[in-house]
Amino acid sequence: MASASLYQRELAAAVKAASLAARLCQTVQKSILSSDVQSKADKSPVTVADYGSQAVVSLVLKMELPSESFSLVAEEDAGDLRKDGAQDTLKRITKLVNETLSTDSTYNISLSEEDVLAAIDSGKSEGGPSGQHWVLDPIDGTKGFLRGDQYAIALGLLDKGKVVLGVLACPNLPLASIANPDRDASQDQIGCLFSAKIGCGTDMQLLNGSTAKKIHVSTIENPADASLFESFEAAHSMHDLSSSITQKLGVQAPPVRIDSQAKYGALARGDGAIYLRFPAQRLSEKIWDHAAGFIVVSEAGGVVTDAAGNDLDFSKGRYLDLDTGILVTNKKLMPLLLNVVQDALKEKSLSTSLL
């Protein structure tokens, strides 16, 4: 069991950083303007909120932990914001960052556009097996964000290549389980923050600061009773493969498709029992897409592996070295899930080779 005081300052800083970044994202989501979405080379929408969130997290971590050497592995860089034609976007981001930080009475600063660009660009670290590195996805699930749906600010800390803490701020996730289709959504309290520290379990609270409570993954042992999470975006997961796996498992409930690492949070509190991610184009999985979710589920009693049953290795730099996909479930279901996944992958490989 890890010492309760170990990483406590870092966890408090991470909670504060992710909560303030979530506040910025909520402001933008309420008033998404056509100029707020830029196109990146891989066609995923990048928003003013994406850049603003990264700047806020970077700045807050540095202010809260001034004596610590700072390394951040993050999704965005400020290259596009330095180009001609980006001045209005940069002005808007700088204004948002300043307004967001001013809502916290402990900060009395006014940042220039150059300060904001530097904060965004501080996320260029490569990570790796030595030292400490923060890992950030400033908006995980940008397409969900643009639809007004699920997204997460996902922040983790690596120490010597291991994830030692993680925070998921999920502004649109209800506090109540999303597994019950008959619930009265109008009664939901919306906005969850999940936090986990190695050896200390996983907590959940309302984003606006209610008392945290310990959460635990589902204890379901019979796969027929399990519900399953998948990525909303087809490119992120081969839904046909997932469907074959669920049939073999005998899962009765239809899959719940939601964006972002909000799935990890929902699974950590028992809303569903299984999450499958099989990227359609064998995408290279980035560490920021899984680091925070991984520890949130692991500390809640769950297991996260690749399709061969290997632990996820966050020590290799900005990418995970994975076999085929990612499986997340509880300890009782994992052996069966692994067997079924490997059978389904063999069948898929055989049918592909016969074409």
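Modeller: Before we start, one term: two strands pair if DSSP finds at least two bridges between them. Helices (H or I, at least four residues) and strands (E, at least two) are DSSP runs, numbered from the N terminus.

Colleague: Okay, and what kind of model is this?

Modeller: This is a predicted model, where local features need pLDDT of at least 70, side-chain atom pairs count only at pLDDT 80 or more, and totals for chains, interfaces and linings use all residues. Residues are numbered from 1 along each chain as its sequence is written, and side-chain values use heavy atoms, with hydrogens and water left out.

Colleague: In which sense do E3 and E4 pair?

Modeller: Parallel, over 3 bridges. Leu 72 stands opposite Trp 134 in E4 there.

Colleague: New topic: how many cavities of 30 Å³ or more?

Modeller: The count is 1, with a volume of about 80 Å³ for the largest cavity. A cavity is a set of points on a 1 Å grid over the protein atoms alone where a 1.4 Å probe fits but cannot get out, and lining residues have an atom within 4 Å of a point. Grid points are joined across faces, edges and corners, and the volume is the space filled by probe spheres set on them.

Colleague: Which residues line the largest cavity?

Modeller: Among them are Leu 61, Phe 70, Gln 132 and Trp 134. Helix H2 (48–64) and strand E4 (132–140) each give two or more residues to that lining.

Colleague: Is Gln 54 buried or exposed?

Modeller: Gln 54, in helix H2, counts as buried because its relative accessibility is 0%, and buried means under 20% (exposed is over 50%, partly exposed in between, with a 1.4 Å probe and protein chains only). Beyond four places in sequence, its contacts include Ala 74, Ile 120 and Pro 138.

Technical notes:
On a 1 Å grid over the protein atoms alone, a cavity is a set of points where a 1.4 Å probe fits but cannot get out, and a pocket is an open set with protein on both sides within 12 Å along at least five of seven lines; lining residues have an atom within 4 Å of a point. Contact means heavy atoms within 4.5 Å.
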